[in-house]
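Hi,

Here is the structure I promised to pass on. Please open it before you read the notes below.

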Amino acid sequence: MDDAVRAAFEAVPRAGFLPGTQRWRADFDGPIGIGHGQTNSQPRTVATMLTLLDVQPGQRVLDVGSGSGWTTALLGHLVGSTGTVLGVELEPELASWGAQNLSRTDLPHASIRIAEPGVLGAPAEAPWDRILVSAGVSTLPSALVDQLAPQGLMVIPVGGRLTTVALEAGTTRTTVHGPYLFVPLR
């Protein structure tokens with residue numbers, strides 16, 4: 001885990017993004033159910049994803065599958081007050097709960113909203129410097145690649161492996177890391 005990600009983990013404790021009955025398990029290095037068939041991801045996996053994403057201060061970041069809001073808050077810490085983070089979540093109750101969790105942090109430049117049904121990501125606000133996807137897919141979705149800014153970077157679980165997608169001079173370059181288990185992207 002790099003220093004910036006370590007600082008984000010220290011600034012944004014996982015416990016505040018877990019159901020009340022599960023907060024005692026915040027230090028558990030495994031996924032924790034948050035309802036609606038979704039999980040708060042394993043901290044070690046989140047740290048790997050954020051390290052691969054290489055978020056820099058001032059960037060615009062999209063968090064697809066924001067769930068409890070923890071990754072959105074971590075990303076908010078990483079971009080700092082000069083950046084912006086938008087979390088999108090398809091499950092309305094989780095989007096509302098994640099937004100409530102996020103509102104208890106000092107990260108006004110990060111927000112969560114309900115994902116638009118049938119729309120992957122947030123194309124109307126694209127391009128994004130970074131995109132984090134916290135749900136698995138079988139093939140790389142071009143709809144998300146198309147939302148990357150020039151020199152943009154996305155981390156997404158594809159086929160059970162964390163995949164980084166870098167947009168360089170109009171072409172994509174991918175690297176594969178893993179294996180990892182994620183709930184499926186809906």
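Which residue in E4 is the bridge partner of Leu62? It is Leu86. Keep in mind that this is a predicted model.

**The sheet**

That bridge belongs to the pairing of strand E3 (residues 60–64) with strand E4 (residues 84–89). The two run in the parallel sense, over five bridges. They sit in an open sheet of seven strands, ordered E5-E4-E3-E6-E7-E8-E9. Its pairing is mixed. Strand E5 (110–114) and strand E9 (171–177) are the edges, and each pairs on one side only. On average, neighbouring strands are turned by 15 degrees against each other, direction ignored.

Helix H3 (residues 70–79) packs on this sheet. H3 touches E3, E4, E5 and strand E6 (128–133). The direction of H3 makes about 170 degrees with that of E4.

**The pockets**

The largest pocket holds about 550 Å³ of space. Its lining counts 33 residues; nearest the centre are Gln38, Gly65, Ser134, Ala135 and Val183. H3 and E4 turn up again here: each supplies at least two lining residues, as does strand E2 (38–40). E2 gives the most, with three. By class, the lining has 16 nonpolar, 14 polar and three charged residues.

The second largest pocket has a volume of about 170 Å³. It is lined by 13 residues, with Phe9, Arg14, Ala26, Pro43 and Trp70 nearest its centre. Helix H1 (3–11) and helix H2 (43–53) each supply at least two of the lining residues. H2 has the largest share, three residues. This lining has nine nonpolar, four charged and no polar residues.

Best wishes

Note on methods
Residues numbered from 1 in each chain as written. Predicted model: local features only at pLDDT ≥ 70, side-chain atom pairs only at ≥ 80, totals over all residues. Heavy atoms only, no water. Pairing = 2+ DSSP bridges. Helix = DSSP H or I, 4+ residues; strand = E, 2+ residues; numbered from the N terminus. Axes fitted to C-alpha atoms, helices over the stretch in contact; angles between N-to-C directions. Contact = heavy atoms within 4.5 Å. 1 Å grid on protein atoms, 1.4 Å probe; cavity = no way out; pocket = protein on both sides within 12 Å on 5 of 7 lines; lining within 4 Å. Points joined across faces, edges and corners; volume = space filled by probe spheres on them. Nonpolar A, V, L, I, M, F, W, Y, C, P; charged D, E, K, R; others polar.
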